[in-house]
Every structure is written in structure tokens, then in C-alpha cells.
Amino acid sequence: MLRQRWRAIPRLIRFMTKHFMIGVALGWSCSLLLIRSDAVQIGPLLASYDSPALMALFFAKGGLYFGTFAMSVAIMNMDDDDPAGGKPDRYLFFKTFWNAVRARGFLQLRGRYCHR
């Protein structure tokens with residue numbers, strides 16, 4: 001029954017929901033890792049409050065940020081439906097960026113960025 005309800009949702013909404021949930025899980029994992037590793041003393045800071053609201057807010061923000069980022073990356077990496085039947089150029093952004101860098105004349109020379 002749950003599968004039928006999931007299949008009834010439009011395909012793109014399922015795609016976005018799936019990638020958002022993957023990002024939320026990754027965000028929660030990173031939040032837990034940050035607390036458990038006691039990086040920048042965040043664990044004792046969150047534990048010093050009596051209310052669990054601060055901890056819930058910390059996990060919610062981590063899940064929201066990572067979920068939004070994962071969904072955005074998934075949407076940007078989707079293949080477009082080309083009516084001409086050609087394959088879209090997935091690396092167009094990187095090619096454009098690289099051509100702009102080369103046109104400005106920036107080179108990496110001995111570990112430093114130098115202008116021609």
C-alpha cells in the first residue's frame with residue numbers, strides 16, 4: 001500500500017524527495033560526527049542546556065542545509081530532454097568557467113597564481 005502511494009506521487013517530486021532525504025541523512029550524520037568528535041567544543045556547549053530544543057535545532061539545521069544542497073545538486077545534474085535527440089553537454093558550466101579563466105590569463109606557476 002505504501003508503494004502504491006509512493007508511485008502515485010509525480011516522478012519529479014519523488015526524485016526531489018529522495019535526494020532531499022539522502023541529504024538530510026547525511027546532514028544528521030555530519031551533525032552527530034561533529035558532536036561526537038567534540039570539534040570546536042560544540043558537544044559540551046549543546047549539553048550544557050537543560051532543554052533538548054537547541055540540540056533539535058542543531059540537527060534540523062544540519063539536515064535542512066545538507067538536504068537542500070543534495071536536492072539542488074541532483075536537479076542541476078539531471079539530463080535535459082532534448083527534442084532534437086542530441087545529448088546535453090553535462091560539463092558546459094565547467095567548460096565555460098575554464099575558458100573564462102584562460103581568457104583572463106591566470107596561470108598557476110610554482111604554486112602561485114600569476115597574471116600574464
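## Helix 4 and its cover

Helix 2 is among the elements that cover the buried residues of helix 4. Helices here are DSSP runs of H or I with at least four residues, strands are runs of E with at least two, and both are numbered from the N terminus. Cover is judged by contact, meaning heavy atoms within 4.5 Å. A residue counts as buried under 20% relative accessible area, as exposed over 50%, and as partly exposed in between (1.4 Å probe, protein chains only).

The model is predicted: local features need pLDDT of at least 70, side-chain atom pairs count only at pLDDT 80 or more, and totals for chains, interfaces and linings use all residues. Residues are numbered from 1 along each chain as its sequence is written, and side-chain values use heavy atoms, with hydrogens and water left out.

Helix 4 comprises residues 53-76. Its buried residues are Gly-62, Gly-63, Gly-67 and Ala-74. The expected span of a helix is 1.5 Å times one less than its number of residues. For the 24 residues of helix 4 this gives 34 Å, and the end C-alpha atoms are 34 Å apart, which agrees.

## Overall composition

The chain contains five helices and two strands. Read from the N terminus, its elements follow the order α-α-α-α-α-β-β. Of its 116 residues, 13% count as buried.

Among contacts in the chain with a separation of 6 or more, 53% join residues 24 or more positions apart. The chain exposes about 10,100 Å², of which carbon and sulfur atoms supply 65%. Accessible areas come from the Shrake-Rupley method with a 1.4 Å probe; for residues, only the protein chains shown count as cover.

## Helix 2

Helix 2 spans residues 11-36. At 1.5 Å a residue, its 26 residues should span 38 Å; the end C-alpha atoms are 37 Å apart, which agrees. The buried residues of helix 2 are Arg-14, His-19, Gly-23, Val-24, Gly-27, Ser-31 and Ile-35. Their cover includes helix 1 (2-8), helix 3 (42-47) and helix 4. As a general point, an α-helix has 3.6 residues a turn, so residues three or four places apart point the same way.

Arg-14 belongs to helix 2 and is buried, with a relative accessible area of 15%. Leaving aside residues up to four places away in sequence, Arg-14 touches Trp-6, Arg-7 and Ile-9.

Ser-31 and Ser-29 both lie in helix 2. Ser-31 counts as buried at 6% relative accessibility, whereas Ser-29 is partly exposed, with a relative accessible area of 43%. Not counting residues up to four places away in sequence, Ser-31 touches Phe-58, Phe-59 and Gly-62. Ser-29 and Phe-59 are 30 residues apart in sequence, and their C-alpha atoms are 9.1 Å apart in space.

A search of the whole structure finds one aromatic pair. The pair is formed by Phe-58 and Phe-59, with an edge-to-face arrangement, 6.2 Å from centre to centre and 85° between the planes. Rings of Phe, Tyr and Trp (its six-membered ring) pair if their centres lie within 6.5 Å; planes under 30 degrees apart count as stacked, over 60 as edge-to-face and the rest as tilted.

## The nonpolar surface patch

Leu-26, Leu-64, Tyr-65 and Phe-66 make a nonpolar surface patch of about 400 Å². Patches consist of residues with over 30% relative accessible area and no salt bridge; like charges are joined within 9 Å, and nonpolar side chains (Val, Leu, Ile, Met, Phe, Trp, Tyr) within 5 Å. A salt bridge is a side-chain nitrogen of Lys or Arg within 4 Å of a carboxyl oxygen of Asp or Glu.

Helix 4 gives the most to this patch, with three residues. Phe-66 is placed in helix 4 and is partly exposed, with a relative accessible area of 33%.

## Backbone after helix 2

Most residues other than glycine have a negative phi, and most peptide bonds are trans. Just after helix 2, Asp-38 takes a positive phi of about 60°. Val-40, in the loop between helix 2 and helix 3, has a positive phi near 50°. Val-40 is exposed, with a relative accessible area of 72%. Gln-41 also lies in the loop between helix 2 and helix 3, and its phi is positive at about 55° although Gln-41 is not a glycine.
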